[in-house]
Amino acid sequence: MSGAALGLEIVFVFFLALFLLHRYGDFKKQHRLVIIATLLAWYLCFLIVFILPLDVSTTIYNRCKLAVNSSPAESNGSYVTLAPSKQKCFKPWSYIPDGIMPIFWRVVYWTSQFLTWILLPFMQSYARSGGFSITGKIKTALIENAIYYGTYLLIFGAFLIYVAVNPNFNLQWNQLQTIGIAAANTWGLFLLVLLLGYGLVEIPRSHWNGAKRGYLLMKTYFKAAKLMTEKADAEENLEDIMEEVRKVSESIKYNHPLRKCVDTILKKCPTEYQERMGRNMDDYEDFDERQNSYPSEKSLAKLHKQVIYSVQRHRRTQVQWQILLEQAFYLEDVAKNESSATRQFVHTFHSQEPENKIIQYFYTPTVEWYWECLLRPWFYRVLAVVLATFSVIVVWSECTFFSTNPVLSLFAVFIQLAEKTYNYIYIEMACFLTIFFLSICVYSTVFRIRVFNYYYLASHHQTDAYSLLFSGMLFCRLTPPLCLNFLGLTHMDATISHKNTQPTAYTSIMGSMRVLSFVADGFYIYYPMLVVILCIATYFSLGTRCLNLLGFQQFMGDSEMTSDLIDEGKELIRREKRKRQRQEEGENRRREWKERYGNRDNSTRSRAVHTDQKESSFSETNANRTLSKYTRSNGRTERDRIELLQDAEPLDFNADSVNDDPLESDSGR
């Protein structure tokens, strides 16, 4: 089993990252480099979270071996040891051989840092660029990232000057490396505490509110009203951009040097707009530089960038609107079925996607009714209580993890109790649940936050390249300080525990933070206490209230604007529901007509075809006989028919006369 657990987790985490990226990204339409870079960033961050518990259990076993192999007289304070007769070590099932973990952490950590500080920002600017060539996009990306990279150099230079001026330090490569790691972790810890304080409160509260049917339905109505406004804005913006593209396409003719750029822009437009512009084009007209003023390549690049953004936004709002309608219809069905006497779940509309036969066999309407109307609310309540308990433990441990005598951090107490009995399964499960809960609180906030329309992770393949790359940057910056914070909570970090024990392989890669004492003894210890204030602010929805005052409508139960938007959303959902019902009724009528008259029409059609075949065969036999006889008479008949058509007067049809006297209409027929 040596190293087997590590290999299994590496494979499992890869498919987990691939599944999440497939849910948010679009493998068919987005660039392959964007998909690969985002997948690599997500994969490395998730891998650190899953592998770190194995590192903890392996470190505890190595400490035990050192304690057994060294006598009390030989320990001299280098390691915390016990007498060999009183201690016995057991190798964990997931033991990783010596030398593997340091190399593994070094490769994973520095690859993620290269992605987040150099490659992903450059690819972000490259993806948003409206250039028409690779060289133009690279030039734009370098110019946009000049200030970005300059800020990093300024921060690193400040740390470097501090170490150079201090006479107690000698500048060495290891110390410079530690300074860079400290600078990156300080930035990440600053953002980590903000996101963690929000997630510790919002995740249990969202699950508790998930048990309230009326709450979810009202919030869905509120989202529908806001999304309809955004959808209308996206459609209007797309119309304006397409009008500009049409004018540019009509002004720049087929033999203009910039016509290739215009064709590139047209390929990014929706199909209906491409067909409309193609019909209005006149490629036979040459351009004349003396008569018209043509746009420059720079203005076309700006227009290209606007087209990409507007088309992506329009497509995203259309898909989100359909998904939100399905959610609203389903919640309304749940509210109706709660009082059902048959205890079978009845849907208003059938699912548009074909369902799995296995799911249909087990998830029957009766099972669905018991789950949706009885079990699911209680399950969400119990889950919310469990998550709230975890949140309280995390907040308490964040405020007391610096205390080593006595040990007040509950996570450290759990790990130390398991370490005494060398129960590695319990150690790994406790470490995994702790860091997994911390990761959920932080990563879910990254998936939820939205910075206007610049950063927004939308599911169902509707996330743009810029947001995917930005999420990869955030994950790579947040994961290392998250792991250091976890090691501090469990007292596995020597900087926190103040014990001269063997460190974990992950801590050894980070280096000794004693190089910067004000960071190790000050910021890393006291700044996480700010999570208490952030949790209180999140509990009372202070951020939501501030955004509501600034004009950004947020869902608040005691707001008049919220109630107005709920009423508006309810009317929109009712309108879409009537439209869907009329469509289904029309399809049902057509289906019934085909089932009722389809066989009769087919038999009638077959008899008519058989009769036509007989008549055609009979006429073919007599055709040669009558051809010579009627050749002259045909010419006379054709001339008479033409004269009658020329002498005929047009009839004046008046619909009122027909409606006024139905008897005349019958006699006319």
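**View 1. His-491 sits in the loop between helix 15 and helix 16 (494–497).** The model is a predicted one, in which local features need pLDDT of at least 70 and side-chain atom pairs count only at pLDDT 80 or more, while totals for chains, interfaces and linings use all residues. Residues are numbered from 1 along each chain as its sequence is written, and side-chain values use heavy atoms, with hydrogens and water left out. Helices (H or I, at least four residues) and strands (E, at least two) are DSSP runs numbered from the N terminus. Although His-491 is not a glycine, its phi is positive, at about 60 degrees. With a relative accessible area of 8%, His-491 is buried, where buried means under 20%, exposed over 50% and partly exposed in between (1.4 Å probe, protein chains only).

**View 2. His-461 lies in the loop between strand 2 (455–456) and helix 15 (465–489).** Phi of His-461 is near 65 degrees, again a positive value in a residue other than glycine, and the residue is partly exposed at a relative accessible area of 31%. Most residues other than glycine have a negative phi, and most peptide bonds are trans.

**View 3. A cis peptide bond joins Asn-405 to Pro-406.** The omega of this bond is near 5 degrees, and Pro-406 belongs to the loop between helix 12 (365–400) and helix 13 (410–421).

**View 4. Helix 2 (residues 32–69) carries a kink at Ile-51.** The kink amounts to about 35 degrees and comes shortly before the proline Pro-53, the bend at a residue being the angle between axes fitted to the seven residues ending there and the seven starting there. Because 30 of its 38 residues are buried, helix 2 is largely enclosed by the rest of the structure.

**View 5. Helix 8 (residues 259–268) packs with helix 10 (residues 297–337).** Their axes, lines fitted to C-alpha atoms over the stretch in contact, are 9 Å apart and form an angle of about 10 degrees, with angles running from 0 to 180 degrees between N-to-C directions. The two helices are therefore roughly parallel, a term for angles under 35 degrees. The contact (heavy atoms within 4.5 Å) involves residues including Cys-261 and Ile-265 of helix 8 and Leu-303 and Val-307 of helix 10.

Key. Angles under 35 degrees count as roughly parallel, over 145 as roughly antiparallel, 65 to 115 as roughly perpendicular and the rest as oblique. The expected span of a helix is 1.5 Å times one less than its number of residues.
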